[in-house]
Amino acid sequence: MTTILSIQSSVSYGHAGNSAAVFPMQRRGVDVWPVHTVTFSNHTGYGAWRGPLLAAEDIADVVMGIDERGVLGQVDAVLSGYQGGEAVGAVILDAVRLVRDRNPQALYCCDPVMGDIGRGFYARPGIPEFFRDQVVPQADVMTPNHFELNFLTGTESGSLEEVLAAVDALRARGPKTVLVTSVTHAGQQPGTLDMLAVDNDGAWLVTTPLLERNFTGSGDLTTAMFLTALLDGVGTPQALGRTAAIVFGVLRRTAELGHDELRLVDAQDEIADPSETFEVRQVR
């Protein structure tokens, strides 16, 4: 069975970080070992929340406890998302090194959560630079949004060709597979959302309808589904298509129910067997 060590935030109400990623990965048949970096009452988009930001030493203790069971060699991939501080980021990279020591074939997939178009940076100071300088060289798979891609590569990409060039620059520094989870480019059709995936074999684009509301946790879900598909061995274009179908199905069901928080349980059939398919186009 595929096993993922998922080191992310956790919320009690709603879905973000591990709370958005663990159940969908389990629904896809993956054994997930969650390690929480925060345990908040709700995601920070509400403007108020309660609960602790866990100390880096506590997170390291949890990973060490897992290793003491002699099971880290079973881990096929480490998944990380929101990092509360540089010390937590350093612990995550230590965990990656430890897992790779136990299983040299294990992947590291990082969602570099730091900001978005229209919002700017919302990660704590120092985190964007930590992703750029420390995480990029260590990652096998990265899933930035367009804003994060531009920062990580020091570019301002507007056309699809410029986005592809930015992805190439990112891949040259570390990750061999990159998923850009939301691409804005000249020539894009109104009312649509594009995702781009690139690896050594090519580049592929998928387009889905844009649902006009903000879904916190959708990026966490996207990364989890993409990594899960890659570990299934289906190939990057197929992983892109499956991810787009699952995420769109979940978001559409959430919108139909009139919720802003992802309705993962209500939409679990879309996770297991999505009802829509979207064309994946090779663009290079």
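Is Asp67 buried or exposed? Hold on to that one for a moment.

First, the ground rules. This is a predicted model, where local features need pLDDT of at least 70, side-chain atom pairs count only at pLDDT 80 or more, and totals for chains, interfaces and linings use all residues. Residues are numbered from 1 along each chain as its sequence is written, and side-chain values use heavy atoms, with hydrogens and water left out.

Back to Asp67. Asp67 is buried, with a relative accessible area of 12%. Buried means under 20% relative accessible area, exposed means over 50%, and partly exposed lies in between, using a 1.4 Å probe and protein chains only.

Asp67 has a partner. Its side chain meets that of Arg102 in a salt bridge, 2.8 Å from N to O. Asp67 sits in helix 2 (residues 56-68) and Arg102 in helix 3 (residues 86-102), so the pair ties together parts that are 35 residues apart in sequence. By salt bridge I mean a side-chain nitrogen of Lys or Arg within 4 Å of a carboxyl oxygen of Asp or Glu. Helices (H or I, at least four residues) and strands (E, at least two) are DSSP runs, numbered from the N terminus. Arg102 itself is partly exposed, at 37% relative accessible area. Asp67, Asp101 and Arg102 are linked in a network of salt bridges.

How many salt bridges are there by this rule? The count comes to 13. Here are two more of them.

Take Asp260 and Arg213. Their closest N and O atoms are 3.0 Å apart. Asp260 lies in the loop between helix 8 (236-256) and helix 9 (268-272), and Arg213 in the loop between strand 10 (202-209) and helix 7, so this pair ties together parts 47 residues apart in sequence. Asp260 is partly exposed at 48% relative accessibility. Arg213 is partly exposed too, at 32%.

Now Arg252 and Glu276. The closest N and O atoms of this salt bridge are 2.8 Å apart. Arg252 is in helix 8 and Glu276 in the loop between helix 9 and strand 11 (280-282), so parts 24 residues apart in sequence are tied together. Arg252 is partly exposed, at 22% relative accessibility. Glu276 is partly exposed, with 31%.

Stay with helix 8. It has 21 residues and reaches 30 Å from its first C-alpha to its last, close to the 30 Å expected at 1.5 Å a residue. That expected span is 1.5 Å times one less than the number of residues. Just after helix 8, Gly258 takes a positive phi of about 75°.

A nonpolar core is a set of buried Ala, Val, Leu, Ile, Met, Phe, Trp, Tyr and Cys residues joined through side-chain atoms within 4.5 Å. In soluble globular proteins, nonpolar side chains tend to be buried together. Here the largest core has 47 residues, and Leu5, Tyr108 and Leu196 touch the most other members. Its largest share, 8 residues, comes from helix 3. A second, separate core of 37 residues includes Ile4, Leu179, Val247 and Leu251.

Two single residues now. Met142 is in strand 7 (residues 141-142). Met142 counts as buried because its relative accessibility is 0%. Leaving aside neighbours within four places in sequence, its contacts (heavy atoms within 4.5 Å) include Cys110, Leu152, Leu170 and Leu179.

Ser218 is in helix 7 (residues 218-231). Its side chain reaches the backbone oxygen of Phe215 at 3.0 Å. Not counting residues up to four places away in sequence, Ser218 touches Leu251 and Leu262.

Last, the record. UniProt, in an unreviewed entry, lists residues 68-260 as "domain: Pyridoxamine kinase/Phosphomethylpyrimidine kinase". Its positions are given in the numbering used here, feature names are shortened, and annotations may be inferred rather than shown by experiment. Over residues 68-260 the chain is 43% helix and 19% strand, and the end C-alpha atoms are 40 Å apart.

Methods:
A polar contact is a pair of N or O atoms within 3.5 Å; within protein, one must be able to donate a hydrogen and the other to accept it, and residues adjacent in sequence count only if both atoms are side-chain atoms.
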